[in-house]
Amino acid sequence: EVLGRYCRDGKPALVMKKNEDGVTNVYCSTPILRSEILASIAEYSGCHLYNYQDDCVFVDNNFLTIHAKFSGKHTIYFKEKCNPFEVYEKKYYGKDVDKIEVDMRLGDTLMFSINDDISEKL
């Protein structure tokens, strides 16, 4: 399935193909791939997206760190309900939530503990 074509000659530039074993491959021949397209492919593949606003997000089992790409409201979608505790501010941003909105300035970084056992020790 052709997802995108070159403007110049109309040849396929972004293609998705499902193999006989059920695995879907994506081929992109362009030197630049917009983050929105990559995020859409990841979501289509079943990946959880923590943020749709193109911020830098780093996550493991215990922490989620977000680095703001712009000033304004940033939304974080957690995989499961948690009690996000911001480790620098020493502040909870909710209880049993799967989504939060935070005000950030361009370049701000917030680090949330998403593991209650660790949050209690901080």
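**Note on strands, cysteines and a surface patch**

1. E86 stands opposite F112 in β10. The two strands concerned are β7 (residues 85-86) and β10 (residues 109-113), which run antiparallel and are joined by 2 bridges. Strands here are DSSP runs of E with at least two residues, helices are runs of H or I with at least four residues, and both are numbered from the N terminus. Two strands count as paired if DSSP finds at least two bridges between them.

2. The model is predicted, so local features need pLDDT of at least 70 and side-chain atom pairs count only at pLDDT 80 or more, while totals for chains, interfaces and linings use all residues. Residues are numbered from 1 along each chain as its sequence is written, and side-chain values use heavy atoms, with hydrogens and water left out.

3. β7 and β10 belong to an open sheet of 5 strands with antiparallel pairing, in the order β4-β5-β10-β7-β8. At its edges are β4 (56-59) and β8 (91-92), each of which pairs on one side only.

4. How many disulfides does a search of the whole structure find? The search finds 0, a disulfide being counted as a pair of cysteine sulfur atoms within 2.5 Å. C7 is in no disulfide: the nearest cysteine sulfur, that of C28, is 13 Å away. C56 is in none either, since the nearest cysteine sulfur, that of C47, is 17 Å away. C7 is exposed, at a relative accessible area of 84%, and C56 is partly exposed, at 41%. (Exposed means over 50% relative accessible area, buried under 20%, and partly exposed in between, with a 1.4 Å probe and protein chains only.)

5. T75 touches Y50, N51, Q53, K99, I100 and E101, leaving aside residues up to four places away in sequence; contact means heavy atoms within 4.5 Å.

6. L33, I37 and L38 make a nonpolar surface patch of about 230 Å². L33 lies in the loop between β3 (24-28) and α1 (35-44) and is partly exposed, with a relative accessible area of 33%. Patch residues have over 30% relative accessible area and no salt bridge; like charges are joined within 9 Å, and nonpolar side chains (Val, Leu, Ile, Met, Phe, Trp, Tyr) within 5 Å. A salt bridge is a side-chain nitrogen of Lys or Arg within 4 Å of a carboxyl oxygen of Asp or Glu. Accessible areas come from the Shrake-Rupley method with a 1.4 Å probe, and for residues only the protein chains shown count as cover.
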